Amino acid sequence: NNKYGASYQVRIRGADGRYITKVVQSRREAETYETTLLNQRNHSVLPTQSGNRITMDEYFVLWFEAVKFQASLGWRKQQEKMYANHIKPVIGQIKLGKVSASLIALILNRMANRGLSPAARLHIYGLLRKLFSDANELFGLLSTSPVIKQLRPKLIIKEASYLNLDQLKRLLSYASGKPYELAIGLGVYLGLRVGEIQALRWQDVDFQWNTITVRDKVEGSRIIP
């Protein structure tokens, strides 16, 4: 009891050994909250406060080293650049566990206000989702991720435009003898996309059967099966 009336404190030990506490104004609310936490602890999903002891910048250094073999060198450099340019200025000094969905929205909105395309914002969203997913599943620093699905940037789908026959003939004539002639020919005659052409290797060509097997595609600087 205090001069403001009765209050109740719920105190449960978290997964990291630290206590999770909350003060509520009614006994029923306290019992409901305590039951929820106990159920979460029994199912190994009790929130941890470890994320409140490390800043986003500190976590990025930890994460970047831990996942260094999960992507190509080119894509890792791109991740580092995206973090420095778009994520760090907004949440770099904020504790990992204090990053909210509204802050994630702020990062994406700032990019939109600066005129960056939905595709660029989608790359940042993907990086953020990976960062916070690993904070939960790989490091055990968080119990939930603030990178929620409704914040995912929506790409504008435009109907593809195609060259007519005369335009294709002019394109092939222009490309004749140039270094990219073969690439354009593959696109024209086989209907391959740019990323699929970029990912082709000599081992994908079977000269005995006169076939080309499309196995991968390039997106950004990544080769995706």
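Is Arg-215 buried, partly exposed or exposed? I opened my notebook with this one, and Arg-215 counts as partly exposed, at 47% relative accessibility. A reminder to myself before going on: this is a predicted model.

**Entry 1: the partner of Arg-215**

I looked for the salt bridge next. The side chain of Arg-215 meets that of Asp-204, with N to O at 2.6 Å. Arg-215 sits in the loop between S4 and strand S5 (217–219), while Asp-204 is in the loop between helix H8 (194–198) and S3, so the pair ties together parts that are 11 residues apart in sequence. I then checked the cover on Asp-204, and this residue is buried, with a relative accessible area of 6%.

**Entry 2: other salt bridges**

I noted the general idea first: side chains of opposite charge can pair when their charged atoms come close. How many salt bridges does a search of the whole structure find? The search finds 6.

One of them joins Lys-130 and Asp-134, whose closest N and O atoms are 3.2 Å apart. Both belong to helix H5, and because they are 4 residues apart there, about one helical turn separates them.

Glu-65 is partly exposed, at 46% relative accessibility. Lys-68 is partly exposed too, with a relative accessible area of 32%.

**Entry 3: the largest nonpolar core**

Which residues touch the most other members of the largest nonpolar core? I found Met-56, Tyr-59, Ile-87, Leu-96, Leu-131 and Phe-132, out of 33 residues in this core. Helices H2 (56–66), H3 (73–91), H4 (101–113) and H5 (118–137) each supply at least two residues of the core. H5 gives the most, with 8 residues.

Leaving aside residues up to four places away in sequence, Leu-96 touches Gly-51, Ile-54, Thr-55, Met-56, Tyr-59, Phe-132, Ala-135, Leu-141 and Leu-142. Met-56, Tyr-59 and Phe-132 in that list were already in my notes on the core.

**Entry 4: one face of H2**

I went along H2 and wrote down its buried residues: Met-56, Asp-57, Tyr-59, Phe-60, Trp-63 and Phe-64. Why do they line one face of the helix? Seen down the axis of H2, the buried residues fall within an arc of 155°, so they share that face. I then asked what they pack against, and the answer is H3 and H5.

**Entry 5: the phi of Asn-210**

My last stop was Asn-210, in the loop between strand S3 (205–206) and S4. Its phi is near 55°, a positive value in a residue other than glycine. Is Asn-210 buried or exposed? Asn-210 is exposed, with a relative accessible area of 69%.

Conventions:
Residues are numbered from 1 along each chain as its sequence is written. This is a predicted model: local features need pLDDT of at least 70, side-chain atom pairs count only at pLDDT 80 or more; totals for chains, interfaces and linings use all residues. Side-chain values use heavy atoms; hydrogens and water are left out. A nonpolar core is a set of buried Ala, Val, Leu, Ile, Met, Phe, Trp, Tyr and Cys residues joined through side-chain atoms within 4.5 Å. Buried means under 20% relative accessible area, exposed over 50%, partly exposed in between (1.4 Å probe, protein chains only). Contact means heavy atoms within 4.5 Å. The arc is that of the directions from the helix axis to the C-beta atoms. A salt bridge is a side-chain nitrogen of Lys or Arg within 4 Å of a carboxyl oxygen of Asp or Glu.
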